[in-house]
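Keep the structure open while you read.

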Amino acid sequence: MPPLPPTPARRVLCLAGSLRRDSWNRRLLHAAIDQAPSTLALTVYTDFAAVPLFDEDLEQLDPAGPVGVQALRAAMAAADGLVVATPEYNHALPGVLKNALDWLSRESPLGEVLVDKPVAVLGASAGPWGTRLAQASLRQVLHACGALVMPAPTLFMANAAAHFDGHGTLTDDAGAQALQRFMRAFEQWVERVAPATAAASMRRHG
Ligand SMILES: Cc1cc2nc3c(=O)[nH]c(=O)nc-3n(C[C@H](O)[C@H](O)[C@H](O)COP(=O)(O)O)c2cc1C
């Protein structure tokens, strides 16, 4: 019997909700990519700082939004899934992340790009709490945007400095295994909700 054709890779966009150069959450995303199954093609979005503060007047000027928004929205529209690593600021998701999600939640020439999108949420904090409250608030926002957030497993990385070396590489076996389980579960989640995603796309594009 001839070998089965390879499963096509699912394109997954990865967002770190921090603009900080040495962000633990960006490091966590890269570590997640290292542990992900090969059926996921993961890309970290690097131009987050180009997304301006949300303003409905800017939408009136151009329904596609400012250039920085167009780029993020196009990347999101082209992706089969989204992974978000969020810091915790004052017991919630950071403003830069909320701002970007507010833009993405809007109707646009590319449609509402978060509707029915499979999403995984994780996070790292410098302190002992591991972003539990930030992830809860992020889930609430994603739910409002119509995204399909993976319910479990969860991944809360506390005391982030203890898990990485000076180059930002994950050094901890238990952490790597947890990320591997997390990304395998996300691969299954993307496959599970893909029919809803395809149906929504057909509804949007006729
Ligand atoms: C404005 C601000 C508020 C913060 N609030 C919290 C908080 O509520 N809970 C927490 O665990 N850490 C809090 N922190 C610490 C962050 O977890 C820490 O700065 C973390 O490294 C940010 O993520 P990043 O490394 O990806 O930038 C706060 C940091 C800032 C700058």
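Predicted model: local features only at pLDDT ≥ 70, side-chain atom pairs only at ≥ 80, totals over all residues.

Strand β1 (residues 10-16) pairs with strand β2 (residues 40-44) in the parallel sense, over five bridges. Strands count as paired here if DSSP finds at least two bridges between them. Residue numbers start from 1 along each chain as its sequence is written.

Right-handed means that, with the strands pointing away from the viewer, the path from the first strand over the helix to the second runs clockwise.

## β3 and its neighbours

On to strand β3 (residues 81-85), which runs parallel to β1 and is joined to it by five bridges. Look for Ala16, whose bridge partner in β3 is Ala85. β3 is also joined to β4, again in parallel, by four bridges, with Val83 partnered by Ala120 of β4. Together, β3, α4 and β4 make a right-handed β-α-β unit.

How many residues of β3 are buried? Five of the five are, so the strand is largely enclosed by the rest of the structure. Buried means 20 or more other C-beta atoms within 10 Å of the residue's own, exposed means 12 or fewer, and partly exposed is in between, with C-beta atoms placed from the backbone. In a regular strand the side chains alternate between the two faces of the sheet. In β3, Gly81, Val83 and Ala85 point one way and Leu82 and Val84 the other way, and all are buried. β1 is mostly covered too, with five of its seven residues buried.

## Where α3 meets α4

Helix α3 (residues 67-78) and helix α4 (residues 95-104) have axes that come within 10 Å and cross at roughly 75°. That makes α3 roughly perpendicular to α4. The axes are lines fitted to C-alpha atoms, for helices over the stretch in contact, and angles run from 0 to 180 degrees between N-to-C directions. Angles of 65 to 115 degrees count as roughly perpendicular, under 35 as roughly parallel, over 145 as roughly antiparallel, and the rest as oblique.

Which residues make the contact? From α3 come Val69, Leu72, Arg73 and Met76, and from α4 come Ala100, Trp103 and Leu104. Contact means that the two C-beta atoms, placed from the backbone, lie within 7 Å.

Ala75 is in helix α3. It counts as partly exposed, with 17 C-beta neighbours inside 10 Å. Not counting residues up to four places away in sequence, Ala75 touches Leu13 and Tyr45.

Leu114 is in the loop between α4 and β4 and counts as buried, with 22 C-beta neighbours inside 10 Å. Leaving aside neighbours within four places in sequence, Leu114 is in contact with Leu104, Ser105, Cys145, Gly146 and Ala147. Leu114 and Asn90 are 24 residues apart in sequence and 25 Å apart in space, C-alpha to C-alpha.

His91, in the loop between β3 and α4, has a phi near 65°, a positive value in a residue other than glycine. Is His91 buried or exposed? It counts as exposed, because it has 12 C-beta neighbours inside 10 Å.

Asp116 also has a positive phi, near 65°, and is found in the loop between α4 and β4. Asp116 is buried, with 20 other C-beta atoms within 10 Å. Finally, a cis peptide bond joins Ala152 and Pro153, with omega about 0°. Pro153 is in the loop between β5 (148-149) and β6 (156-157).

Notes:
Helix = DSSP H or I, 4+ residues; strand = E, 2+ residues; numbered from the N terminus.
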